[in-house]
Amino acid sequence: MIRWGIIGFGRIAHKFAGSIENLPDGMIYAVATCSGGQDDPYLKVHPEVVVYKDYESLLNDSKIDAVYLALPHKFHKEWAIKTLEKKKAILCEKPAVLNSEDMKEIKAVALKEKTCFLEALKTKLNDGMDHLIKDLPLIGKVENIEANFCSNGLALKGTNSFLFDKEQGGALNDVGPYLLGFVLDLLKDEVVDLTSTLKIVDDIDEHFHAALTFKQGTKAIIEGAIDEAKERYALIIGDKGKIIVPMFNRIIDYKIELNDGTTLERRYPLAGDDMTKEIAELQHCLTHHLNESPRHTMDDTIEIIELMEKIRNNKLTVV
Ligand SMILES: NC(=O)c1ccc[n+]([C@@H]2O[C@H](COP(=O)([O-])OP(=O)(O)OC[C@H]3O[C@@H](n4cnc5c(N)ncnc54)[C@H](OP(=O)(O)O)[C@@H]3O)[C@@H](O)[C@H]2O)c1
């Protein structure tokens, strides 16, 4: 049984605590929360869970095998490194960190400590995604991909939400890893050109578009937003047909339409929920003594962050 400790018991951490119940070989052993405590509905019905009032004490608990890091982005680097130095495996929420140099530091520590680091990229760690990759050759040479991840978080402006914090906020940090992780995982090709447009309001990128050109000629257009909700989908067009993927961030179904008129409908219900597979992946790495997941390596995380940096820098800003 793998004993997990959660650092930061906010929204996504509560979801994690529910998701792990789908797995027979993992359990929540402890939670470290500065603001929460015994009034918390989850902790009330789980009195067996050890509650620490500070994060350091959780890391000092030798019974904990793996840590789920669910703090706002700007705290990920510090607590990821502290976790790895305690030789505990870590599933770290996305975006892993705020710049690629920090991620390279984390990678060096993980390798030195012979401990596992995995960015919690739900979009890739999903059975539907594995099937989509296998189906991709059906549409021939991929010419274009369009994908969006747009939601409206404007009601959080003026609150202490990380989404509108100048140090760490913005659409790119929030959904860039999902969009780029999806496209890179499908194409496994190098980006040779990139242009982008960012709508910046009060120093926060609330909306972005990026056009990426890959070495083999494929073009991908990605759009992310925290100021406007849109129907989420990905459209993949090849020279022999197209694939329409609703909710590409947690693929349950997709439709393949071939140019010869054939239509194929695929459906892959989630085993558990959309977080279960990423938890299982970290547990697999831990039990097999891997530094990283072959499915989402630390270099994959670095590549995503480097592209996010290029999207920020190669931008045309509209206000
Ligand atoms: N919400 C989602 O659907 C979602 C999905 C995927 C990924 N993520 C990622 O998960 C991370 C956390 O997101 P969340 O939505 O769970 O955030 P959240 O609800 O605000 O929770 C973050 C937790 O971090 C702790 N914290 C420590 N210092 C803080 C500070 N200065 N300000 C705010 N919180 C602080 C708090 O936990 P304690 O008081 O318990 O210590 C807080 O509950 C982010 O990096 C986000 O991108 C979130």
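Modeller: Helices (H or I, at least four residues) and strands (E, at least two) are DSSP runs, numbered from the N terminus. This is a predicted model, in which local features need pLDDT of at least 70 and side-chain atom pairs count only at pLDDT 80 or more, while totals for chains, interfaces and linings use all residues. Residues are numbered from 1 along each chain as its sequence is written, and side-chain values use heavy atoms, with hydrogens and water left out.

Biologist: OK, loops to begin with. Is Lys 87 buried or exposed?

Modeller: Lys 87 sits in the loop between helix H4 (76-85) and E5, and has a positive phi of about 60° although it is not a glycine. Buried means under 20% relative accessible area, exposed over 50%, and partly exposed in between (1.4 Å probe, protein chains only). With a relative accessible area of 54%, Lys 87 comes out as exposed.

Biologist: And what phi does His 289 have?

Modeller: You'll find His 289 in the loop between H8 and H9, and its relative accessible area of 73% makes it exposed. His 289 is not a glycine, yet its phi is positive, at about 55°.

Biologist: Which residues does a cis peptide bond join?

Modeller: Look in the loop between E5 and helix H5 (100-113), where Pro 95 lies. Omega is about -10° at the cis bond, which joins Lys 94 and Pro 95.

Biologist: Now helix H1. Which of its residues are buried?

Modeller: H1 spans residues 11-19, and its buried residues are Ala 13, Phe 16, Ala 17 and Ser 19. They cover an arc of only 165° around the axis (taken from the directions from the helix axis to the C-beta atoms), so they are on the same side of H1. Cover comes from, among others, strand E1 (2-7), strand E2 (26-32) and helix H8 (276-287). To name the buried ones again: Ala 13, Phe 16, Ala 17 and Ser 19.

Biologist: At what angle do helix H7 and helix H9 pack?

Modeller: H7 (residues 171-187) and H9 (residues 298-313) have axes 9 Å apart, and the angle is about 120°. That makes H7 oblique to H9, because under 35 degrees counts as roughly parallel, over 145 as roughly antiparallel, 65 to 115 as roughly perpendicular and the rest as oblique. Angles run from 0 to 180 degrees between N-to-C directions of axes fitted to C-alpha atoms, for helices over the stretch in contact. The value again: about 120°.

Biologist: How many nonpolar residues does the contact of H7 with H9 have?

Modeller: The contact (heavy atoms within 4.5 Å) includes Leu 180 and Leu 184 of H7 and Leu 307 and Ile 311 of H9. Alongside 3 polar and 2 charged residues, the nonpolar ones number 8.

Biologist: How close do the axes of helix H6 and H7 come?

Modeller: H6 covers residues 127-135, and its axis crosses that of H7 at roughly 40°. That makes H6 oblique to H7. Met 129, Leu 132 and Ile 133 of H6 meet Phe 182, Asp 185 and Leu 186 of H7. As for the axes, they come within 9 Å.

Biologist: Last one: how far apart in space are Phe 214 and Asp 193?

Modeller: Phe 214 belongs to strand E9 (residues 204-214) and counts as buried at 1% relative accessibility. Leaving out residues up to four places away in sequence, Phe 214 touches several residues, including Val 183, Leu 184 and Leu 187. Phe 214 and Asp 193 are 21 residues apart in sequence, and their C-alpha to C-alpha distance is 7.1 Å.

How values were computed. Nonpolar A, V, L, I, M, F, W, Y, C, P; charged D, E, K, R; others polar.
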